[in-house]
Amino acid sequence: MTAPAPPPGPGVAPPFAAPPTEGRRTRLWIGLGVGALAVVLCCGGGGTAVVGLAVSGVQAIREQARTVTGDYYQALVERDYGRAYEQLCDDAQRRESRPEFERRASAEPQVSAFRVGEVDTTSLTVPVDVTLAGGDREQQQVRLGQDGETGGVEVCGVS
């Protein structure tokens, strides 16, 4: 059985609309492209956020390392050995008591000025140009460590 033919005449429409035959592939590719763009934007934004957090974390460590190193040497310049001792990490404080540190620091050539260099974040070291009271200059390397409780950076040794 075949469907009856539509009645003849102007303005007569078939009883149903024929499905579109052109543009199916174009719509499919546009839809896939929009979906891929959405995925790239979401993942790209997340990746950018992770990179931003890593960079700001490294900058925070550098700033904190320079500050702690500067505070340590400023305390030595001011001959405030107790304050300098407070900048030391737990291991350094276990190796040397506060009175021993104060005795040793006061017997060494006095620091009259210093300049803190750039922090090496991979080894957590900082070079410091030190001017001693007699006018001699020397380059010292400060080893830093992170406090397990506070997360802050501390001086663990000077060579």
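1. Does Leu-32 count as buried, partly exposed or exposed? Leu-32 counts as partly exposed, because its relative accessibility is 47%; the classes are buried (under 20% relative accessible area), exposed (over 50%) and partly exposed (in between), with a 1.4 Å probe and protein chains only. Leu-32 is found in helix 1, which covers residues 24-77. Together with Leu-28 and Trp-29, Leu-32 makes a nonpolar surface patch of about 360 Å². Patch members have over 30% relative accessible area and no salt bridge; nonpolar side chains (Val, Leu, Ile, Met, Phe, Trp, Tyr) are joined within 5 Å, and like charges within 9 Å. The areas come from the Shrake-Rupley method with a 1.4 Å probe, and for residues only the protein chains shown count as cover.

2. On the basis of the note: this is a predicted model, in which local features need pLDDT of at least 70 and side-chain atom pairs count only at pLDDT 80 or more, whereas totals for chains, interfaces and linings use all residues. Residues are numbered from 1 along each chain as its sequence is written, and side-chain values use heavy atoms, with hydrogens and water left out.

3. Overall architecture. The protein chain contains four helices and four strands, and their order from the N terminus is α-α-α-α-β-β-β-β. These elements are DSSP runs numbered from the N terminus, helices being H or I of at least four residues and strands E of at least two. Of the 159 residues in the chain, 27% count as buried.

4. The largest pocket. The space in this pocket is about 400 Å³. Among its 22 lining residues, Tyr-72, Leu-76, Arg-104, Glu-108 and Val-158 are the closest to the centre. At least two lining residues each come from helix 1, helix 3 (90-95), helix 4 (98-107), strand 3 (137-146) and strand 4 (153-158). The lining divides into 13 nonpolar, four polar and five charged residues. Here Ala, Val, Leu, Ile, Met, Phe, Trp, Tyr, Cys and Pro count as nonpolar, Asp, Glu, Lys and Arg as charged, and the others, Gly among them, as polar. A pocket is an open set of points on a 1 Å grid over the protein atoms alone, where a 1.4 Å probe fits, with protein on both sides within 12 Å along at least five of seven lines; lining residues have an atom within 4 Å of a point. The volume is the space filled by probe spheres set on the points, which are joined across faces, edges and corners.

5. Salt bridges. The structure holds eight, each defined as a side-chain nitrogen of Lys or Arg within 4 Å of a carboxyl oxygen of Asp or Glu. One of them joins Asp-91 to Arg-94 at 2.4 Å, N to O. These two residues are separated by about one helical turn, because they lie three residues apart in helix 3. Asp-91 is partly exposed at 43% relative accessible area, while Arg-94 is exposed at 63%.

6. Arg-104, one of the residues closest to the pocket centre, pairs with Glu-96 at 2.8 Å, N to O. Glu-96 counts as buried at 17% relative accessibility, whereas Arg-104 is partly exposed at 35%.

7. Glu-78, Asp-80 and Arg-83 form a network of salt bridges, in which the side chains of Arg-83 and Glu-78 meet at 3.2 Å, N to O. Arg-83 has a relative accessible area of 29% and is therefore partly exposed; Glu-78, at 45%, is also partly exposed. Arg-79 is found in the loop between helix 1 and helix 2 (81-86). The phi of Arg-79 is near 60°, a positive value in a residue other than glycine.

8. A further backbone point. Leu-124 likewise has a positive phi, near 50°, and is found in the loop between strand 1 (111-116) and strand 2 (125-132). Most residues other than glycine have a negative phi.

9. Contacts across the sequence. Arg-66, in helix 1, is 51 residues from Gly-117 in sequence, yet their C-alpha atoms are 8.0 Å apart. Gln-110, in the loop between helix 4 and strand 1, counts as buried because its relative accessibility is 14%. The C-alpha atoms of Gln-110 and Val-77 are separated by 7.1 Å, although these residues are 33 apart along the chain.
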